[in-house]
Amino acid sequence: MMIALFRKELRHVLPWVLLILGIEVLGNLLVAVRYAPDTIVWARWTPMFRGERAFSCSLVLTVWAMLLAFQVFPYEKDEQTIDFLYSLPLRRRSIFLAKYGTAAAILLTAIVAEEATRWFISGANPHPLTGQTFRFSWAAIDTTLCALLALFVLGYAAFLALFQRLGVLIALLAFSTGYMLFERFPAY
């Protein structure tokens, strides 16, 4: 029953899946077309080593997580099918996990696809010093950090989708607390 619910959720967000994966792969392929192969270096292109790349990666993951959470969670209330779901012989926790798992699987697939295309494109660099910067351990760390960020943001997005007003209040509280901590204890 849980797998059927997972498939239902996946069918519901299939256009978003295609859009997200298409943007990831095409964005990386455009880099391969735009730059010469000997200038594409994996270590300079990964979020782990570039601060601006990490910021853009986290921003994109946040937007996608919000998009998927608001597509998956409030959909049942809008379509008035939530009562039918609750009447099934499933726990509410199982319904929530199927919805969350669907969105998480999509985000994790996009992260792995981006890392794979980044590795594939940087492998075309023939220069022995700059072209061979790919390390599997670095890629695993980078992918794990992006995946943890995606799951965290998706959890918050699901919370915000379910409890809209309370989620905004918690975001403001977290932002103000972080701001006060960074003011009090600067990084330099």
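**Notes on a predicted all-helix model and its salt-bridge network**

1. Arg-118 and Glu-114 lie 4 residues apart in helix H7, and therefore about one helical turn separates them. Helices here are DSSP runs (H or I) of at least four residues, strands are runs (E) of at least two, and both are numbered from the N terminus. The side chains of Arg-118 and Glu-114 meet in a salt bridge, with 2.9 Å from N to O. The term salt bridge stands for a side-chain nitrogen of Lys or Arg within 4 Å of a carboxyl oxygen of Asp or Glu.

2. Before going further, please keep in mind that this is a predicted model, in which local features need pLDDT of at least 70 and side-chain atom pairs count only at pLDDT 80 or more, while totals for chains, interfaces and linings use all residues. Residues are numbered from 1 along each chain as its sequence is written, and side-chain values use heavy atoms, with hydrogens and water left out.

3. Taken together, Glu-114, Glu-115, Arg-118 and Asp-142 are linked in a network of salt bridges, and a search of the whole structure finds 3 salt bridges. As background, side chains of opposite charge can pair when their charged atoms come close.

4. Glu-114 is buried, with a relative accessible area of 9%, Glu-115 is buried at 9%, and Asp-142 is buried at 3%.

5. The overall architecture is helical: the protein chain has 9 helices and 0 strands, and the pattern along the sequence is α-α-α-α-α-α-α-α-α. Of its 188 residues, 35% count as buried. The chain exposes about 11900 Å², of which carbon and sulfur atoms supply 71% (Shrake-Rupley method, 1.4 Å probe; for residues, only the protein chains shown count as cover).

6. On the surface, a nonpolar patch is formed by Met-2, Phe-96, Leu-97, Leu-162, Phe-163, Leu-166, Leu-169 and Ile-170, with about 680 Å² of accessible area together. Helix H7 (92-122) and helix H9 (164-184) are the elements that give two or more residues to the patch, and H9 supplies the largest share, 3 residues. Patches are made of residues with over 30% relative accessible area and no salt bridge, joining like charges within 9 Å and nonpolar side chains (Val, Leu, Ile, Met, Phe, Trp, Tyr) within 5 Å.

7. Phe-163 lies in the loop between helix H8 (136-162) and H9, and Phe-163 counts as partly exposed because its relative accessibility is 45%.

8. A last remark concerns contacts, meaning heavy atoms within 4.5 Å. Among contacts in the protein chain with a separation of 6 or more, residues 24 or more positions apart account for 81%.

Methods:
Buried < 20%, exposed > 50% of the residue type's maximum accessible area, 1.4 Å probe, protein only.
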